Amino acid sequence: MNHELLGDSPRAARSAVAGFLADRGEPSYRAGQALEWIYDHGARGFDAATSLPAGLRCSLDDAFSLTPLEMVSEVRSRDEVVKHLWGLDDGERIESVLIPSSTRVTLCISSQAGCALGCLFCATGAFGFRRHLRAAEIAAQFRDAAARSVELYGRGVTNVVYMGMGEPFANTGPVLSSLEVLHEGFGLGARRITVSTVGLVPGIRALAATPGQFGLAVSLHSPDHELRLELMPVERRYPLPDLMDALREYQAVKNRRLSFEYTLISGVNDDPLLAEGLARLVSDLTCFVNLIPFNPIPSQPAWKPSPPGRIAEFAARLERRGLRHAVRTPRGRDIAAACGQLRLADAARAPASTG
Ligand code: SAH
Ligand code: SF4
């Protein structure tokens with residue numbers, strides 16, 4: 001495979017291109033031009049780099065790949081959410097979702113094809129694990145979806161969340177590299193990028209050790225060990241006390257507010273007493289809780305989202321204990337683009353094969 005420049009830090013990409021140009025006796029300013037095509041113009045290949053001589057464009061394309069993704073499908077929901085299915089070089093498929101609001105366009109990206117963590121309420125979990133994504137493939141979702149955002153909504157992506165398919169900290173190295181590419185290459189503010197994890201402690205520590213004020217969201221879904229274990233097998237490996245320790249360390253290092261995701265499933269984890277437990281559990285952290293009504297998935301036909309009254313009661317308990325929170329209305333439901341629903345429509349097909 002060609003050298004994938006999008007998987008490099010911008011500094012490494014520049015030195016790779018500069019070395020290539022020097023070997024060919026090209027003037028050094030061409031490296032800066034080439035880099036502008038990658039990050040400022042979002043080129044998917046050097047054939048688009050019209051400020052470079054045609055022969056040089058060809059040889060850059062022979063030596064380097066900019067990891068173009070194949071757009072397999074694009075679906076738009078009634079509420080303007082747009083879901084993309086991207087084809088990768090080996091036939092795997094991943095999804096990303098554009099979510100426009102009056103002030104932002106948030107892009108939700110995937111970190112793996114499938115997921116091995118098996119949370120019971122998640123369609124990606126039910127789908128199983130296919131493979132890790134390379135850093136270049138993660139960054140390419142941003143480049144290609146951001147270009148579509150401009151065409152669809154007349155504005156670019158302002159925020160990125162790693163909440164698509166996969167568990168970012170099951171693929172930590174490539175995910176951390178991709179953060180650097182989005183931030184330093186494509187120029188997105190670190191505070192506008194949030195990584196969502198099921199709670200893998202080594203990854204949380206690795207993010208704490210990474211420079212930059214990237215956001216961290218943790219999928220909690222229960223403050224009670226036994227219940228969390230029933231919903232999320234990861235609770236066996238990294239039980240709540242270990243997770244909380246890691247988050248306290250993270251906050252001591254980063255001095256930044258964390259967020260928690262809490263998906264409310266009717267009669268499963270929406271008892272008001274669990275809200276009290278949640279408030280106690282996180283009482284020594286500076287944090288924000290996102291309450292997400294469960295999005296129904298076929299593998300759990302009996303599970304329903306908590307009714308509005310129940311959600312309001314849960315929220316009121318958090319309020320009374322001074323815990324900041326918001327109820328997130330699911331968007332893109334009609335195209336299976338809401339939280340945890342990714343890969344649904346596609347999963348009915350036989351998995352893509354190689355070659
Ligand atoms: N693996 C990471 C990120 C991807 S999932 C994680 O688990 O955090 C993004 C968010 O969607 C997580 O908070 C996850 O718990 C939530 N989610 C999964 N399935 C859902 C569903 N069916 N309804 C609502 N939220 C769901
Ligand atoms: Fe994986 Fe996150 Fe889904 Fe759990 S919720 S199965 S960690 S993608």
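**Note on ligand 1 and the spaces in the model**

1. A nitrogen atom of ligand 1 lies 3.1 Å from an N or O atom in the side chain of Glu-167, a polar contact (a pair of N or O atoms within 3.5 Å). This is a predicted model: local features need pLDDT of at least 70, side-chain atom pairs count only at pLDDT 80 or more, and totals for chains, interfaces and linings use all residues. Residues are numbered from 1 along each chain as its sequence is written, chains are lettered from A and ligands numbered from 1 in the order in which they are written, and side-chain values use heavy atoms, with hydrogens and water left out.

2. Two further polar contacts of ligand 1 involve Gly-166 and His-221. A nitrogen atom of the ligand is 3.0 Å from a polar backbone atom of Gly-166. An oxygen atom of ligand 1 is 2.5 Å from an N or O atom in the side chain of His-221. Taken alone, ligand 1 exposes 530 Å², and the protein buries 96% of that (Shrake-Rupley method, 1.4 Å probe).

3. Around ligand 1 there are 20 residues, and Phe-121, Ser-196, Ser-219, His-221 and Asn-295 come nearest (a residue counts if one of its heavy atoms lies within 4 Å). By class, this shell has 9 nonpolar, 9 polar and 2 charged residues; Gly is counted as polar.

4. Which space holds ligand 1? The ligand sits in the largest cavity, meaning that more than half of its atoms lie within 2 Å of the grid points. A cavity is a set of points, on a 1 Å grid over the protein atoms alone, where a 1.4 Å probe fits but cannot get out. Strands β10 (193-197) and β12 (258-264) each give two or more residues to the shell around ligand 1 (strands are DSSP E runs of at least two residues, helices H or I runs of at least four).

5. The count comes to 1 cavity of 30 Å³ or more. The volume of the largest cavity is about 480 Å³. Its lining has 30 residues, with Phe-121, Cys-122, Met-163, Ser-219 and Gly-340 nearest the centre (lining residues have an atom within 4 Å of a point). Helix α4 (123-127) is one of the elements that give two or more residues to this lining. The lining divides into 16 nonpolar, 12 polar and 2 charged residues.

6. The largest pocket holds about 1,100 Å³ of space (a pocket is an open set with protein on both sides within 12 Å along at least five of seven lines). Of its 38 lining residues, Arg-104, Thr-106, Val-161, Met-163 and Arg-328 are closest to the centre. By class, the pocket lining has 20 nonpolar, 10 polar and 8 charged residues.

How values were computed. A polar contact is a pair of N or O atoms within 3.5 Å; within protein, one must be able to donate a hydrogen and the other to accept it, and residues adjacent in sequence count only if both atoms are side-chain atoms. Grid points are joined across faces, edges and corners, and a volume is the space filled by probe spheres set on the points.
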